[in-house]
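Reader: I would like to go through the labels on this structure one by one. Please set each value against its cut-off.

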Amino acid sequence: FYLVATASFMEATTDLYTQNLIDHFQGDEEVTTWLADHWLPEELQHGRALRHYVETVWPDFAWEERYGPFVEEFQAYCKLELLEPARGLEMASRCVVEMGTASYYTTLSRASPDPVLSLLARRIAEDEVRHYKYFYRYFRHYRETDRVSRRAVAPALWRRLKMTDGE
């Protein structure tokens with residue numbers, strides 16, 4: 001219950017930080033268009049699907065009532081200054097997030113005895129892997145153009161992992 005409800009909150013809140021990413025990558029039309037037209041709608045769809053599942057399976061759970069306080073607390077993690085200053089490093093950290101969520105949903109899919117939740121989680125995991133591939137492709141582009149070194153990537157990944165643990 002807690003895994004699915006929390007995932008529904010996280011996915012439904014994607015819009016809080018997507019604009020930060022769009023602002024951070026301003027001037028790169030390919031990235032900003034993909035974020036706005038593909039990634040954000042898909043992430044929000046995940047949130048709607050998970051919310052629907054939660055409200056169907058656990059109708060006594062007041063989703064909307066619990067979501068408000070979650071958003072208030074989560075907003076602290078959705079600030080432009082928390083993004084990596086270099087675009088390539090932010091793309092590397094996005095890869096960490098996408099692979100983490102893909103792993104989360106894959107595990108949820110395999111562990112769930114409910115075939116509906118298992119299928120839903122598997123489909124979301126597939127989306128997250130596809131998102132990772134986009135972020136990785138963009139990372140490779142910025143690694144070349146911005147000369148992002150391996151030495152710089154490791155601390156960026158560590159910072160994102162620490163931030164994710166705090167979330």
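Author: Start with Arg137. Its relative accessible area is 40%. Buried requires under 20% and exposed over 50%, so Arg137 counts as partly exposed. Keep in mind that this is a predicted model.

Reader: What makes Glu30 and Arg137 a salt bridge?

Author: The closest N and O atoms of Glu30 and Arg137 are 2.9 Å apart. The limit is 4 Å between a side-chain nitrogen of Lys or Arg and a carboxyl oxygen of Asp or Glu, so the pair qualifies.

Reader: Why is Glu30 called partly exposed?

Author: Glu30 has a relative accessible area of 43%. That value lies between the 20% and 50% cut-offs, so the label is partly exposed.

Reader: Where in the chain do the two partners sit?

Author: Glu30 is in helix 3 and Arg137 is in helix 6. They are 107 residues apart, so the pair links distant parts of the chain.

Reader: How do you know that Glu65 and Arg66 form a salt bridge?

Author: Their closest N and O atoms are 3.2 Å apart. The cut-off is 4 Å, so this pair counts too.

Reader: What separates Glu90 and Arg94 in helix 5?

Author: About one helical turn, because they are four residues apart. Their side chains meet in a salt bridge, N to O at 3.3 Å. Both Glu90 and Arg94 are buried.

Reader: How many salt bridges does a search of the whole structure find?

Author: Nine. Elsewhere, Glu42, Asp127 and Arg130 are linked in a network of salt bridges.

Reader: Now the nonpolar core. Which residues touch the most other members?

Author: Leu35, Met91 and Tyr105, in the largest nonpolar core, which has 38 residues. Helices 1 to 6 each give two or more residues to this core. Helix 6 gives the most, with nine residues.

Reader: Which residues does Met91 touch?

Author: Phe25, Val31, Phe135, Tyr138, Phe139 and Tyr142, not counting residues up to four places away in sequence.

How values were computed: Residues numbered from 1 in each chain as written. Predicted model: local features only at pLDDT ≥ 70, side-chain atom pairs only at ≥ 80, totals over all residues. Heavy atoms only, no water. Core = buried A, V, L, I, M, F, W, Y, C linked by side-chain atoms within 4.5 Å. Buried < 20%, exposed > 50% of the residue type's maximum accessible area, 1.4 Å probe, protein only. Contact = heavy atoms within 4.5 Å.
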